[in-house]
Amino acid sequence: SLDQALVVVADKLKSPLGPELRQVCRQVQMGLPVPVALQSLHTRVPLLDIQILVSTLSVHREVGGNLVETLGRMSVLLRDRLNFRRQVQATTAAGRFAALFLVLVTPLVFLYFYFFRNQAFMPVLSATVGLTMLAVVVVLELVGITWVWNVIRLKY
C-alpha cells in the first residue's frame, strides 16, 4: 500500500528528506489522512518537486490507478526539470560572469584612481560637484546591482 511504501522509502532515505518522510509516516500512523500528512510535508519543505509529489500521491489516493506508472512519469518530469535547470545554468554562465564583472568594475576603478592616481582624483573628492556625482554613481551602482541580482536569480 501507499502507507507501507512511504515507510520503506522513509527508512531508506537519508537526511534531510528521510526524517521529513518519517514524520509523514508517524502522522499517518496517528490517524491523519495521507493527503493532509503529505500537505504538511510540503508546508515544511516548500519545494516545487515536493509539491508535484504531494499532488501526485494525493490524486492517486483519491482516484486510484497505476501508481507505478504515475510515479514513473513523475520521475521523468522531475529529471527533465533538473536537466533544464542545469542547461539554463550552463547557457547563462557567460552572462552571469559578465554581470559580475560589470558590478565589480566600478568599485575597482574607484579604488585604482584613489590609491594609484590620487593627484588626478583628489579634485573630484574636494569639489561639491564631484562629491554629488560620486553619490549619484554610488546610488546608480546600487540600483544596477539590485537589478542584476534579480535578473540572475530568476526562477525557472
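Q: Which residues does Thr56 touch, not counting residues up to four places away in sequence?
A: In this predicted model, local features need pLDDT of at least 70, side-chain atom pairs count only at pLDDT 80 or more, and totals for chains, interfaces and linings use all residues. Residues are numbered from 1 along each chain as its sequence is written, and side-chain values use heavy atoms, with hydrogens and water left out. Thr56 has its place in helix H4, helices being DSSP runs (H or I, at least four residues) numbered from the N terminus. With contact taken as heavy atoms within 4.5 Å, and with residues up to four places away in sequence not counted, Thr56 touches Thr70, Leu71 and Met74.

Q: Is Thr56 buried or exposed?
A: The classes rest on relative accessible area (buried under 20%, exposed over 50%, partly exposed in between, with a 1.4 Å probe and protein chains only). Thr56 has 15% relative accessibility, and therefore it counts as buried.

Q: Which residues of the largest nonpolar core touch the most other members?
A: A nonpolar core is a set of buried Ala, Val, Leu, Ile, Met, Phe, Trp, Tyr and Cys residues joined through side-chain atoms within 4.5 Å. In soluble globular proteins, nonpolar side chains tend to be buried together. Here the largest such core holds 19 residues, and those touching the most other members are Leu2, Leu6, Val24, Leu38, Leu41 and Leu57.

Q: Which helix supplies the largest share of this core?
A: At least two residues of the core come from each of H1 (2–12), H2 (17–29), H3 (34–44), H4 (48–63) and H5 (67–91). The largest share, five residues, is supplied by H4.

Q: With which residues is Leu57 in contact, leaving aside its neighbours within four places in sequence?
A: Leu57 lies in helix H4, and at 3% relative accessibility it counts as buried. Leu6, in helix H1, is buried as well, with a relative accessible area of 9%, and Leu57 is among the contacts of Leu6, together with Leu21, Val24 and Cys25. Once neighbours within four places in sequence are left aside, Leu57 is in contact with Leu2, Leu6, Leu38, Leu67 and Leu71.

Q: How many nonpolar, polar and charged residues are in the contact of H3 with H4?
A: The axes of H3 and H4 come within 9 Å and cross at roughly 175 degrees, where axes are lines fitted to C-alpha atoms, for helices over the stretch in contact, and angles run from 0 to 180 degrees between N-to-C directions. That angle makes H3 roughly antiparallel to H4, since angles under 35 degrees count as roughly parallel, over 145 as roughly antiparallel, 65 to 115 as roughly perpendicular and the rest as oblique. Ala, Val, Leu, Ile, Met, Phe, Trp, Tyr, Cys and Pro count as nonpolar, Asp, Glu, Lys and Arg as charged, and the others, Gly among them, as polar. By these classes, the contact of H3 with H4 has seven nonpolar, four polar and two charged residues.

Q: Which residues does the cis peptide bond join?
A: Pro16 lies in the loop between H1 and H2. The cis peptide bond has an omega of about 10 degrees, and the residues that it joins are Ser15 and Pro16.
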